[in-house]
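Subject: Structure for your review

Dear colleague,

Please find the structure below, followed by a summary of what was found in it. I would be grateful if you could read the two side by side.

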Amino acid sequence: MKSVLKKFLSMFITLFVVSFLAFAAFAVIPGDPALMRLKTNATPEAVEALRHSYGLDRPFLTRYFSWVSGLLMGDMGTSYTYSAPVSEIIRSKLMVTLYLTALAFVIMTLISIPVAVHCAKNDGGLTDRVISAVNQVFMSVPPFFAGIIITYIFGIGLRIFVPGGYVPFEDDPAGFIYYMFFPAFAVAIPKIAVSVRLLKSTIMKESKKDYVRTAYSRGERGNTVLYRHVIWNAMIPAVTFYAMQFVDMIAGSIITEQVFSIPGLGRILLTSIEGRDYPVVLAVLMCVAVAAVIADTVSDLGVIALDPRIRE
Amino acid sequence: MKKETVLKRAVSCLLAVTLTAALCGCAGGKKGGNSDKFTVGIPQDIDSLDPHDAVAAGTKEVLFNLFEGLLKPDSEGNLIPAVAQEMQEKENGKVYEFTLRSGIKFHDGSPVTVDDVAYSLNKCSATGPDGTPLVPEFANISKVETDEASSLITITLKQADTDFPAYLTCAITPEANKDKEDTAPIGTGPYKFVSYTPQDRLVVRRFDDYWGTKANIENVTFKIVPGTDTLVTDLEGGSIDMFARVLSEQARTLSENPEFQVLEGTMNLVQALYLNNGREPFKNEKVRQAICYAVNRQEILDYVSDGKGTIIGSSMYPSFKKYYMPELSDRYATDVEKAKSLLAEAGFSNGVSFTITVPSNYTQHVDTALVISRQLKEVGINAEIKEVEWGTWLSDVYTARNFDATVIGVDASNLTASALLSRFESKASNNFINFSDAAYDENYRKAMNETDDAARTESFKECERILSDRAANVYIQDLPEFVVIRKGYSGYRFYPLYVQDISLISRD
Amino acid sequence: MKRLLKSKSFRAGLVITVIMVLVTVAGYFFSPYDPEYMDLSLKFAGVSPGHIMGCDNFGRDIFSRVLCGCRTTLLVATGTVLIGCVGGVIVGSLTGYFGGVFDTVVMRINDVIFAFPAVLIALVFASLFGNGEATMILALGIAFIPSFARMVRSEFIRNRSLDYVESARLQGAGNVRIIFAHILPNAWPVLLQSVIIGFNNAVLAEAGLSYLGIGVQPPKASLGRMLSDAQSYIRISPGYALFPGLVIILMVLGLGLMGRSSYE
């Protein structure tokens, strides 16, 4: 429990450093939120006035600390672009990305575990070789390219899903999952390939260990040994891997959101960096950082739970 | 044994859930093109729902369907009465008198009063901390008087301005809705606000008590589709029914699709290679002219917009029929020899080097810059391309004027000639190309002080002529605008301003 | 090495990689056309004997541009992965091996970089050092360090208490020797996966940054940039997207096949 507390403490420190650097980054790069809103019809006076109303004419540190103190009070600030509370904007976007990632994660797990077990059992067989070849190609396909191809095959060719036909989860959960299935699939493809490879090799490694041989020699049946001991032990490195994949998939979702025009965290991050909408960018950063730390913690806890050696 | 079954059961449960969800989803899949629902794709998000606060052209073109001013523009470029029934100009453009349209209602059913008009006008002329009003031209208003009994609104100006009605397209909104203008806006337009999800969609419904011709389609959704890459698939997939301003190649693809019709208009932009007149080598008029001669505009059109588009020769586009001068378009017909000799005269016989800074998010401008750079090579000019992100372009190029040359399209915010010409006055704050010419300033001032329409138009035209003769910029084109609409809908009309009038569209 | 050469997949990977490298190198000395030359009459010209991959929206020869693009993309991707991998191995192995306060502190810094969007890093670098490939490689390389570091670190944590490390220690091997001679080779399979994925991501990130105007400046070609440009024209000219896409897949596939056999 102590280690969890420690993790959260260091998470907060991390977040502050990230936010400070992000704030500093915006001070370095050219671009001005007021100008971004007023564009080419702006008069210098109007830009100045808007800067004032955003509070941008205050010194850098003042701005940063007023933002931090707001955050500590639970106020993430107001978006420059949308003139709406950041928390409101972020909440819905975050859910979209999390749903997408979760769906991709489920797809990955559902496909990769049985496939990996099958390949491990039939190592060197025909299916194993075919799967392994397909895997190698899938790993080499950029998610971007996979997205385009999936859109064309399933969206335009077979017409079994509507590209860009996104519906919010709250409006129509079934429609949402239906629409998200293919983007999630695009996110999952390279991950499935990697995960099958890793799981298979850990299962194989595990099954060569002494205790497995002992189990066999005790007369236990092959499948029992496999499910009871080998897979379970093989899950230890896999948990770390899966937790990292989850964070990685959030990043993958961000790219895929662009291809499938899904209004999630990725899109808002890019548009707000482009629009110099710091409050939103900082809020997104906080979300990603929190997700990374949580995944990290979960993976550590998972390893502890699964590995009796570490538990003791 | 136990672990095995648990694992198996868990896996099969998860599998069942996903499959069921996917199958349910299949049954619920929708197809676009219902008669009572029309989805318009828009490239940018709404920057504010408050019509007075919104500044992006992409927002204004959508809000046009929800709000009206005392006057509104029509597709011919005329100002027609909207919230006002009648306008009377008095004292040579110093006093304007409006009669409120009788029986006109807001979206919430409440009648429009002269007080609401005064409230809206005052809101737009209220000065911010910097001393300029929301609508800068309203600084000229001396007073707004209302008379409830005769439904009269009288606007008195400090200085006569015959262009003033063009600014009165600013939205009239109810004072009662003061606090909710940016969340639940109310106006008098043919459509009323239903809901808005940032970065996703704006939903509107037909306003059945509209004073004029009512809209045909009942439910309209404006869906935000950023990045034009996914556009064609979105249209073909059926998630949107219409999109304005598709790229020429996409227009070509879609015109081959029997489900769509592609209409062609113009974007109402002055696309040019804008030259920083305050910098070497562009301080030298001969260099500027040489570049004008070196560029082959038709070839640019062929590369960038499939040969469509209108070649222009000054800072004015064809939709401004009154001011547009088609004869300036071939002022600088491509002439490589002449370009070379002009360069030699200017003392640059060994060639010139400069950088064209372009905003990377505008494909057409980047592509134009690429073609120009290629063409300039033939006369010994080395133009390197530097792409920058839009935010950087705005602050470095537009505001700080730290650039050699740039390709961009400049638009007009209202229906007056000065919307396009004012920025070239030597001291104008938005004169980002540092153009400075005494004759230009003189003519521009003359036009602004003139009350006789013909003389005024002539002075503006003289300004355009000067921009062209002095080769202030390398004028290229007014880009073609392709509007794609699903077949079965008709009635779309192009406006001379950034406007998408959905109320005219009907289902056949 | 002999063992490797016997493996079919290694040979396949080697052949693909050698061809890709040869093609890239050949592109320095020879390309059928000037990759930047525009020809209106060839706009979206299809595949023909003269233009084996067709022409793009400016009538430029796609094959010549792919040749030239390979060079740019290989340079950017290799540079990025190199910085990311070397940085990641150093950070990951030291933190994973030693643990303790040092681990906590460094990994928090790692988290900071990880949480920071690569786009923002690139924008900052671009404003400090100007646009260009070097800026892009540096920015992406730094952005790639954390994921490598995590991967390597978890491998080190897993390995550091294993028997073979203990016995090495008992035999008097120093920390540096244990890290680089004993544990690192065992982390190789995992690291290799990351290198391949990283390479793939670098190609994509390069395309993404070009969209923001950072990095490869037109008219210079890069595969990622071509891929993203081609998206708008995929119906008219599918080859425009297909060929650069396939070349990217081949590059990654060649490396992947070789990598796989080297630890199997």
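**Contact between chains A and C**

In this predicted model, 33 residues of chain A are in contact with 35 residues of chain C; two residues are in contact if their C-beta atoms, placed from the backbone, lie within 7 Å. Six helices of chain A each supply at least two residues of the side that touches chain C: helix 1 (2-28), helix 6 (126-140), helix 7 (143-157), helix 10 (222-259), helix 11 (265-274) and helix 12 (278-306). Helices (H or I, at least four residues) and strands (E, at least two) are DSSP runs, numbered from the N terminus. Helix 1 of chain A gives the most to this side, with 9 residues. By class, the side of chain A that touches chain C has 28 nonpolar, 5 polar and no charged residues. Here Ala, Val, Leu, Ile, Met, Phe, Trp, Tyr, Cys and Pro count as nonpolar, Asp, Glu, Lys and Arg as charged, and the others, Gly among them, as polar.

As to conventions, residues are numbered from 1 along each chain as its sequence is written, while chains are lettered from A and ligands numbered from 1 in the order in which they are written. As the model is predicted, local features need pLDDT of at least 70 and side-chain atom pairs count only at pLDDT 80 or more, whereas totals for chains, interfaces and linings use all residues.

**Domains of chain A and the cores**

Chain A is divided into domain 1 (2-72) and domain 2 (94-310), with bounds that come from an automatic or database domain assignment. Their contact takes 14 residues from domain 1 of chain A and 11 residues from domain 2 of chain A. On the domain 1 side, helix 1 and helix 2 (33-38) of chain A are the elements that give two or more residues. Helix 1 of chain A provides the largest share of that side, 10 residues. That side of domain 1 of chain A has 9 nonpolar, 3 polar and 2 charged residues.

The largest nonpolar core has 156 residues, and those with the most contacts inside it include A:Ala22, A:Val281 and C:Phe199. A nonpolar core is a set of buried Ala, Val, Leu, Ile, Met, Phe, Trp, Tyr and Cys residues joined through C-beta atoms within 7 Å; a residue is buried if 20 or more other C-beta atoms, placed from the backbone, lie within 10 Å of its own, exposed if 12 or fewer, and partly exposed in between. Helix 8 (residues 173-207) of chain A gives the most to this core, with 20 residues. Domain 1 and domain 2 of chain A both give residues to this core, so the core lies between them. A second, separate core of 150 residues includes B:Phe38 and B:Ile153.

**Chain B**

Chain B is divided into domain 1 (4-184 + 481-507) and domain 2 (269-478). The centres of these two domains of chain B, taken over C-alpha atoms, are separated by 32 Å. In chain B, 15 residues of domain 1 are in contact with 11 residues of domain 2.

Chain B also has an open sheet of 7 strands in the order 8-9-10-1-11-19-12, with mixed pairing; two strands pair if DSSP finds at least two bridges between them. Its edge strands are strand 8 (191-197) and strand 12 (260-266) of chain B. Strand 8 and strand 9 (residues 201-206) of chain B pair in the antiparallel sense over 6 bridges.
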